[in-house]
Amino acid sequence: MRTTRKAGITFLSAMLLAGCGAPLDTSVDAAAVEADYAATYEQMVGTIAQRRAAEQLAYVRFQGQIRDCMRKAGFNYTPPPFFQMYDGYEHMPPPAEFSALVPVHPEPRPETGLAVTSQRERSRAHEARGSANPGFERLKTEDERRAYGVAGEACQPAQGTYTNLGSSKVSDQLQEQFATVLESANSRAAVKGALDGYSACMKSEKIPAKSVEDLRGKVMERFNAKESALGAAAPLRPGKPEWADVVQFEKQAAAADSRCRAEAHTLGMAALEPLLRTFKTEHASELKESEAVWGSVAREAAAALPRLKELDPSFQP
Amino acid sequence: MPSRGNLLRNLKRGATALCLSGIVVIAGSESALADCHQGVTSGSGSVTVGSACSSSLPSGGTASWNKSGLTISIVATGWCMSSNYCETTWYDWGTSSGHFDARAIRMCYRSASSYSAYNQAESTTGGRTLLGMQKWGTCYGVNNSAGTCVTSSQSISGCTLAAVNHTYPNTSTRMWVRTSTGSYQYYSGGNVSSASA
């Protein structure tokens, strides 16, 4: 109780200082704050290496359970290839709603949420690999295939065994409290003032958007419109002019965003710096606890690597 | 004794009250969509879209959800689907900061009628408060490509549900797929509070 009250009072002091007109220290090293922000956030939600490991472990648990169960039921099951969703990521993208705190890059990057085309390209490449399952495909009759399907349904693993690996209650609590910090920094008068100019700036760049999150939606809308126009008979693929159009649009969007959000981001980092310092001090033990959960997932994934290679012989770490 | 989260929220309100000079604004950023449907905290329904073997065997999807317990159940059903076509059912919660992270079931297996992998509670919310239904609907189309979508009619009068779109790739949202070759795929969708395409 005493610790909580003390932490609350310290936090209140920081909030008051941050929110009631204390001047922003714009001499802070924005890049250093951004790195500190990313590192702190990743203590809660995992580093990219840990997230990659969690994806691998989820695959092993999900596909391994189905394959073993199907084997016991007398069926041959070949798992589809593993897909690593975090290829191309350097850091976990931060919450997009605090747009002044989202990193600024002149090129499309996963960290800004503006990597729609590159991620869909990887998705299309994965899809093109197919999901060959000879144990099913050699079945000739509808009855045989139905029996295979019934066994497959019965072999579904319990969700808690493979979903939300690395997540924890302490991480949930930290993220909830951290959101308050981020909201406070993002809504500082100076930061908000800079963000208020974003829409007009993007309009002048001829890519109207209300926020970077909205901008990501615009890129997705453009992709979906091109896809829908082509229709099911000729899906949108890399190499087609429509694909190149969306790639070009996303590049222009990222460049315009970096120009229109630069000032707000610099001010946002200045606003975040003292709050982040306080948060890290007050939540040091919880951050370590959350980090430890992610560490244990990564270790378990490393131990399961031979099993992953067995389930997907094409797997490349 | 208030929890630390509640204490901090109360302190934040206090900070807001102390800063009425207008120098600072600490306010929620709930989107119109989340506001619009946050009252739909529980429900169930079905939509019909896509192929049918007969009028009594239509393809489509069902969903039921309950904020109490954070449970949802979604099913995609495909009867007599064309080759390489799938039925996909999406559900997404509205949250205090917009939306959660959609969950989807994609059914591409032509020798069975349904797939209902998601029927449990959310064990973790990334610190977000789930409010009510923000999106639910079903689409029929080529896997990961264009398709026809129908959103639930179970909506507050005057509100438009967030759209579902069949082009949304199965690798970027939490999705369970029953493939056309009788195998299964699970995509985590990444972290709920991170922006991912």
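A cavity, for today, is a set of grid points where a 1.4 Å probe fits but cannot get out.

Confidence comes first. Chain A averages a pLDDT of 91. In that chain, 93% of the residues score at least 70. The exception I want to flag is the start of the chain. Across residues 1–14 of chain A, pLDDT stays under 50. The model still gives that stretch 20 contacts beyond four places in sequence. Where pLDDT is low, the predicted coordinates should not be read in detail.

Now a helix pair. Take α10 of chain A, residues 212–230, and α11 of chain A, residues 241–282. Their axes come within 10 Å and cross at roughly 170 degrees. An angle over 145 counts as roughly antiparallel, so α10(A) is roughly antiparallel to α11(A). Who makes the contact? From α10(A), the residues include A:Val212, A:Leu215, A:Val219, A:Arg222 and A:Phe223. From α11(A), they include A:Trp243, A:Val246, A:Phe249, A:Glu250 and A:Arg261. By class, the contact has 9 nonpolar residues, 8 charged and no polar.

The largest cavity holds about 250 Å³ of space. Its lining has 28 residues. Nearest its centre lie A:Arg51, A:Asn164, A:Leu165, A:Ser167 and B:Arg174. Three elements of chain A give two or more residues to this lining: α2 (30–45), α3 (48–72) and α7 (169–186). Which gives the most? That is α3(A), with 4 residues. The lining of the largest cavity divides into 11 nonpolar, 11 polar and 6 charged residues.

The second largest cavity has about 180 Å³ of space. It is lined by 18 residues. A:Tyr59, A:Phe82, A:Phe83, B:Tyr186 and B:Tyr187 lie nearest its centre. So which elements supply at least two residues each to this lining? They are α3 of chain A and β11 (184–187) of chain B. Again α3(A) gives the most, here with 5 residues. By class, the lining of the second largest cavity has 11 nonpolar, 6 polar and 1 charged.

Note on methods
Residues numbered from 1 in each chain as written. Chains lettered and ligands numbered in written order. Predicted model: local features only at pLDDT ≥ 70, side-chain atom pairs only at ≥ 80, totals over all residues. Heavy atoms only, no water. pLDDT = per-residue confidence, 0-100. Contact = heavy atoms within 4.5 Å. Axes fitted to C-alpha atoms, helices over the stretch in contact; angles between N-to-C directions. Parallel < 35°, antiparallel > 145°, perpendicular 65-115°, else oblique. Nonpolar A, V, L, I, M, F, W, Y, C, P; charged D, E, K, R; others polar. 1 Å grid on protein atoms, 1.4 Å probe; cavity = no way out; pocket = protein on both sides within 12 Å on 5 of 7 lines; lining within 4 Å. Points joined across faces, edges and corners; volume = space filled by probe spheres on them.
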